[in-house]
Amino acid sequence: MKLKSFKKLIKKIFNFVLDAIIPKRCIGCNIFDTWLCDSCHTTLPLLTEQKCGICKKVITPLGETCPNCQKNTAVNGIFVISSYNNELLKHLIHNFKYKFIEELSEPLGLLIAQGLTNSHLLSPDLIVPIPLHNRRLRWRGFNQADLLANSIGLTIPINSTCLVRQKYTTSQVKVKSKKKRLSNLKGAFVIQHPEKIKDKSILLVDDIVTTGSTINECAKILKNAGAKEVSAIVLTRE
Ligand SMILES: [Zn+2]
Ligand SMILES: [Zn+2]
């Protein structure tokens, strides 16, 4: 048996045992056998108005960067799906990322898909999940952005290997000054196989945008390597 399928088997057994000890319950209403029931899922709000992802003031139809902010960023736009004021959404993201409930990527991916319907967001050539550093990936066991990207159900190719996080950085939320945030991210990402992104319009996927500096850094690196456009889609903005 290959190591990968062995790991999968172990995970399956582990989940089976876990389900027996701690049965699944809806994070919204506590009913059994699901992490999120359909009726709780329908209560998750979809944002009806998008704003420039940099100044967060100017209203733009698809979260495009406003003309004023364009000179300060490499990001063409940030489309935000849902509101961070929603307690259920916050709980879901917390359980997904810090209680390692991988299966939550499905209802959350569905929410992104619902937000994208009727959005008229132009179809990108390539979807790129914001990568995790290997150390964090080992700790969590999965990259939440990667799982989300795969759960949206779009037919657009997903590339999880062209953008690599090579530097382990402290969480951007904890770094208070803007200057420090930028130096914290310096050299954090590198591009592998630049031919795969050359002249492509790319959609980055992440769970939460906080300051936007990570998305900006990724956009900068991707554009320097030849990407035509880089926008992002996120579940919510903190
Ligand atoms: Zn429920
Ligand atoms: Zn702006």
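**Reading the model**

Tutor: This is a predicted model. The C-alpha centres of domain 1 and domain 2 are 28 Å apart. The domain assignment places domain 1 at residues 1–34 and domain 2 at 49–237.

Student: What span should the 12 residues of helix α8 have at 1.5 Å a residue?

Tutor: The expected span is 1.5 Å times one less than the number of residues. For α8, residues 213–224, this gives 16 Å, and the end C-alpha atoms lie 16 Å apart, so the two values agree. Just after α8, Gly226 adopts a positive phi of about 115°.

Student: Which residues of α8 are buried, and against which elements do they pack?

Tutor: The buried residues are Thr214, Ile215, Asn216, Glu217, Cys218, Ala219, Ile221 and Leu222. They pack against the strands β1 (77–82), β3 (163–165), β4 (189–191), β5 (201–209) and β6 (229–237), and against the helix α7 (178–185).

Student: How many residues of β1 are buried, and how many bridges join β1 to β6?

Tutor: In a regular strand, side chains alternate between the two faces of the sheet. As for burial, six of the six residues of β1 are buried. Five bridges join β1 to β6, and the two strands run parallel. Within this pairing, Ser82 stands opposite Thr236 of β6.

Student: Is Ser123 buried or exposed?

Tutor: Ser123 is exposed because it has 9 C-beta neighbours inside 10 Å. Ser123 sits in the loop between α4 (105–116) and β2 (126–129). Ser123 and Leu235, 112 residues apart in sequence, are separated by 18 Å from C-alpha to C-alpha.

Methods
Residues are numbered from 1 along each chain as its sequence is written. Chains are lettered from A and ligands numbered from 1 in the order in which they are written. This is a predicted model: local features need pLDDT of at least 70, side-chain atom pairs count only at pLDDT 80 or more; totals for chains, interfaces and linings use all residues. Domain bounds come from an automatic or database domain assignment. Helices (H or I, at least four residues) and strands (E, at least two) are DSSP runs, numbered from the N terminus. A residue is buried if 20 or more other C-beta atoms lie within 10 Å of its own, exposed if 12 or fewer, and partly exposed in between; C-beta atoms are placed from the backbone. Two residues are in contact if their C-beta atoms, placed from the backbone, lie within 7 Å. Two strands pair if DSSP finds at least two bridges between them.
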